[in-house]
Amino acid sequence: MQPENLALPVGITLDRFILRNQEAFRYATGELSQLLRDIALAAKIVNREVNKAGLLNITGAYGHQNVQGEDQQKLDVVADIRFIRALTNGGEACAVVSEERHEMVDTGNHKGKYVVAIDPLDGSSNIDVNVSIGTIFSIYRRLSPVGTPAVMEDVIQPGNRQVAAGYILYGSSTMLVYTTGRGVNGFTYDHSLGEFFLSHTQIQVPKTGKIFSYNEGNLDDFPKLVQEYIASCRAQRFSSRYIGSLVADFHRNMLKGGVYLYPPTRKDPNGKLRLLYECFPLAFLVEQAGGMATDGRQRILDIALHDWHQRSPLYIGSEAMVQELISL
Ligand code: AHM
Ligand code: MG
């Protein structure tokens, strides 16, 4: 055996990858890179909390409802605090909008050029039952002058203005997947080294697929045409896969080819998912990976935002499948 085979290279760390990409931009100041690293740090901490959730008795409802009127899980609150603290200490984000908070958080970093929208822990109904959950984030350049406090307009921008977006999937392994508009790359967390390593280079969503994901309990509420599309998936004997954690369902479909549907329902006539920190970031990622995202009428990324907790129907995944849906 060759001596070097005794110690194989460990690969490219997320930090090095971010730095290399930054070097490709002549005038890059490194602030976006630092911001991504802050998010990765918080992700590692949240990953630790998620892993020990049962041990520390921090699972279960926190006893409050969040702004959507849903029960907050303790880990939702913990993740929210972790991300906001990391972004505040980092200094590059002047404001953060979180699914868990009514108001925009002014980080006090008025010199920061960026604003961040985040769903700190998505799929929260799965926390207590040891099923995959995720974090979703989206980064915008602020519109208001640097050096002043952020204003509402900074975080009411359409998805097509995102400069970066990504998610962390706390699954059978922990992954961070992100884009800065030049393709999508995925990094897998090595617990023993405490580092994310590049594992999925330039991810491409298969053009079509055989997986469809939706909450079947809501089927009778769906618009007739969506029901027809689902009937056609069934007729073709496609596989139905639904975890109930958007990040996990999205991730699987992005790698294997498929479509995720959250249509309007009687309970949520505008759809359940939130544009700013759920639909926009995933739509940016899917398009960067060659897929599509629509609300049934228009491209998700072009929807005008009026409220940072605004909801939308979402149909996202392989291009051919989303196209077929739209054509109906
Ligand atoms: P959450 O942000 O409260 O966790 O809700 C979002 C989640 C998504 O992860 C998931 O795709 C969807 O809600 C599941 O909804 P349902 O339980 O109605 O199928
Ligand atoms: Mg969510």
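**Entry 1. Helix H5**

I began just after H5, where Gly257 takes a positive phi of about 95°. Helices here are DSSP runs of H or I with at least four residues, strands are E runs of at least two, and both are numbered from the N terminus. The model is predicted: local features need pLDDT of at least 70, side-chain atom pairs count only at pLDDT 80 or more, and totals for chains, interfaces and linings use all residues. Residues are numbered from 1 along each chain as its sequence is written, chains are lettered from A and ligands numbered from 1 in the order in which they are written, and side-chain values use heavy atoms, with hydrogens and water left out.

I next looked up burial in H5. Buried means under 20% relative accessible area, exposed over 50%, and partly exposed in between, with a 1.4 Å probe and protein chains only. Nine of the 11 residues of H5 are buried, so the helix is largely enclosed by the rest of the structure. Among the buried residues I noted Leu246, Phe250, His251 and Met254.

Within helix H5 (residues 246–256), I found Asp249 and Arg252 three residues apart, about one turn of the helix. They form a salt bridge whose closest N and O atoms are 3.0 Å apart; the term requires a side-chain nitrogen of Lys or Arg within 4 Å of a carboxyl oxygen of Asp or Glu. Asp249 counts as buried because its relative accessibility is 0%, and Arg252 counts as buried at 15%. I also noted one network, in which salt bridges that share partners join Glu99, Arg274 and Glu278.

**Entry 2. Other salt bridges**

I recorded 10 salt bridges in the structure. In one of them, the side chains of Arg101 and Asp80 meet at 2.7 Å, N to O. This pair links distant parts of the chain, 21 residues apart: Arg101 is in the loop between strand E3 (93–98) and strand E4 (105–106), and Asp80 is in helix H3 (residues 74–90). Arg101 is partly exposed at 28% relative accessibility, whereas Asp80 is buried, with a relative accessible area of 5%.

I then examined Arg266 and Asp221, which form a salt bridge with closest N and O atoms 3.0 Å apart. The two lie 45 residues apart and link distant parts of the chain, with Arg266 in the loop between E13 and E14 and Asp221 in the loop between strand E11 (211–213) and helix H4 (224–235). Arg266 is exposed at 71% relative accessibility; Asp221, at 26%, is partly exposed.

**Entry 3. Ligand 1**

I listed 17 residues around ligand 1, of which Asp122, Tyr242, Leu246, Tyr260 and Tyr262 come nearest; a residue is near if one of its heavy atoms lies within 4 Å. By class, the shell has five nonpolar, five polar and seven charged residues. Strand E5 (114–122), strand E13 (259–262) and strand E14 (273–274) each supply at least two residues of the shell.

Domain 1 (14–200) and domain 2 (211–327) both give residues to the shell, so ligand 1 lies between them. The domain bounds come from an automatic or database domain assignment.

I checked the distances from side-chain N or O atoms to oxygen atoms of ligand 1. The value is 2.4 Å for Tyr242. A polar side-chain atom of Tyr260 lies 2.6 Å from a ligand oxygen, and one of Asp119 lies 3.4 Å from a ligand oxygen. Taken alone, ligand 1 exposes 470 Å², of which the protein buries 86%.

Note on methods: Polar contact = N/O pair within 3.5 Å; in protein donor to acceptor, adjacent residues only side chain to side chain. Areas by Shrake-Rupley, 256 points an atom, 1.4 Å probe, with all protein chains shown as cover. Nonpolar A, V, L, I, M, F, W, Y, C, P; charged D, E, K, R; others polar.
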